[in-house]
Amino acid sequence: MEVVKTLAQALAPLCNTDEAVLADWIEVPKNTEMGDYAFPCFRLSKTMRKAPNLIAGELAQNLKVPEGFVKCEAIGGYLNFFTDKSAVAGSVLSRVLKEGDAYGSSTEGNGKTVCIEYSSINIAKPFGFHHLPSTAIGNALYRIYKALGYNTVGINHLGDWGTQFGKMITAYKLWGDKPVDDYSIRELVALYVRFHDEADKDPSLNETARAWFHKIEQGDPEALELWTKMKDATIREVKVTYKRMGVDFDSWNGEAFYQDKMQPIIDELREKGISKVDQGAEIVDLSEWNMPPCIIVKSDGSTIYATRDLAAACYRKETYNFSKLLYVVAYQQDLHFRQFFKVLELMGRDWVKDCVHVNFGMVSMEGGAFHTREGKVLYLDDVLDAAVEKTYEIICEKSPDLEDKKSAAEAVGVGAILWSVLYNNRIKDVSFSWDKVLNFDGETAPYVQYTHARSCSVLRKAGGRPEAFDASLLDDPESTALLKAIAGFPEAVRQAAEKYEPYVVSRAIMQIANAFNRFYYEQRIMADDPAVRAARLALCDATRQVLKNGLNLLGILAPERM
């Protein structure tokens with residue numbers, strides 16, 4: 001937040017402490033009568049060898065009050081700052097209304113590229129509910145980095161290679177009853193499940209499957225054609241689901257793309273003496289770093305996903321020259337990424353420091369875990385459809401006269417699902433509850449969307465916002481709190497990128513929504529005094545804009561009517 005930076009810059013010479021450290025220490029008092037910002041002086045007691053109250057007193061005497069503040073006071077062990085509310089209100093409103101959709105964006109990433117690998121579905125497998133966290137978090141980070149000026153590359157690293165495709169082809173050849181192009185993902189999954197059921201009775205089917213996959217590897221025309229059609233059918237279908245969630249990718253290069261790029265990696269590991277043969281397999285010994293060996297080539301001569309990840313990382317560096325490469329993958333793969341990054345380091349790829357595993361916790365729903373091979377899977381589309389259906393029922397009850405209920409239900413239902421994994425620290429496990437995610441009064445997407453729609457409704461009824469307004473009239477506690485929340489939004493966007501945490505943005509817009517609703521109920525926006533009404537409508541319009549911007553960064557639509 002700019003105002004926090006201003007305070008930190010003013011304090012730094014007197015505290016002999018780095019500005020960034022001081023900025024992290026500055027707090028916002030719960031009781032606004034104690035000030036708008038507070039600096040806790042007890043943190044300096046050790047270095048300055050004085051009691052916190054004495055430090056606060058000395059700072060109050062010697063500090064030149066920064067522009068935008070009217071005074072600072074020593075209260076106990078705190079130095080409290082009081083803003084010039086009129087100046088702050090004018091500055092915040094002018095900036096939001098001038099920048100519009102760009103408010104919260106910046107140019108700090110200009111000239112830098114961020115590659116983000118997320119979602120990474122498997123071909124001919126369900127787009128399951130378990131793919132939601134990677135998809136939602138990755139898409140939000142993609143949008144956040146793009147808003148900060150970075151050249152952002154979204155990568156869907158498809159699981160499109162392996163013996164499972166031999167199984168799929170075997171099942172299709174044995175039990176398929178129509179052209180493979182006409183199969184839906186669910187029908188392909190049914191074939192996959194049937195293969196495992198039949199292979200339990202007849203293990204020779206596994207040998208047939210391995211033979212078919214070997215044909216794919218060798219470029220057999222029939223095998224390649226069937227594999228390609230299964231891949232195309234899957235991508236065609238999942239793109240519909242991605243579109244519903246506002247998700248897109250710049251690259252769909254999956255594991256198969258790197259098949260001809262692995263040998264140079266394997267050769268380099270051998271030439272540099274990094275890999276060795278152990279029980280027939282080629283490995284990189286990582287015992288020195290308290291990790292199991294990283295397998296590069298299995299004893300049967302086939303490669304493993306670690307080899308493909310090494311090839312992919314090197315390809316991406318050569319192709320995009322990224323400043324950051326993010327992998328949005330569940331925490332269960334923590335060890336894999338530690339191994340994989342260590343091998344890159346041993347290979348002398350100093351850019352591995354720019355590779356980050358953005359891990360996340362589990363998302364669960366009543367019914368427990370799901371596994372494709374047993375046919376027990378919860379499809380993400382089914383969850384989205386159920387959310388939209390339930391939302392439609394709520395909207396019919398709450399807003400029976402709304403013209404386009406179906407569009408509103410789609411925006412709110414899908415938004416509620418995305419929000420469910422974007423409102424908390426990403427590493428936190430999420431327990432999914434319909435009552436919770438679709439609550440129009442709780443800390444949910446529907447609540448923020450409804451607040452946005454409410455601000456739009458106020459502006460429609462007012463006939464729009466007057467161009468001229470006097471921000472100094474916004475001096476009541478509710479307006480001040482709302483302005484402060486809006487002012488903090490750009491810093492929240494920056495922090496979300498720095499911490500790889502979209503929830504920083506969702507928390508920021510929730511704070512704005514809460515502050516707006518307090519303002520809405522405590523202050524009559526359509527005041528009798530035209531000047532007061534104009535100022536409050538300007539604040540209402542600024543709120544609408546920032547809520548829309550924040551929801552957009554999370555991949556969530558902001559309906560104007562609900």
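What kind of link do the side chains of Glu222 and Lys173 meet in? In this predicted model, Glu222 and Lys173 form a salt bridge, at 2.5 Å from N to O. The pair ties together distant parts of the chain, with Glu222 in helix α10 and Lys173 in helix α7, 49 residues apart.

Now have a look at helix α8, which covers residues 185–201. With 17 residues, α8 spans 25 Å from its first C-alpha to its last, close to the expected 24 Å. Its buried residues include Leu188, Leu191, Tyr192 and Phe195.

The structure holds 34 salt bridges. In one of them, Asp381 meets Arg244 at 3.3 Å, N to O. This pair also links distant parts of the chain: Asp381 belongs to helix α14 and Arg244 to helix α10, 137 residues apart. Asp381 counts as partly exposed at 23%, and so does Arg244 at 22%.

Glu501 and Arg426 make another salt bridge, at 4.0 Å. Here the partners lie in loops, Glu501 between α19 and α20 and Arg426 between α15 and β12, 75 residues apart. Glu501 counts as buried because its relative accessibility is 7%, under the 20% cut-off; Arg426 is buried too, at 14%. Finally, salt bridges with shared partners join Arg244, Asp381, Asp385 and Glu410 into one network.

Methods
Residues are numbered from 1 along each chain as its sequence is written. This is a predicted model: local features need pLDDT of at least 70, side-chain atom pairs count only at pLDDT 80 or more; totals for chains, interfaces and linings use all residues. Side-chain values use heavy atoms; hydrogens and water are left out. Helices (H or I, at least four residues) and strands (E, at least two) are DSSP runs, numbered from the N terminus. The expected span of a helix is 1.5 Å times one less than its number of residues. Buried means under 20% relative accessible area, exposed over 50%, partly exposed in between (1.4 Å probe, protein chains only).
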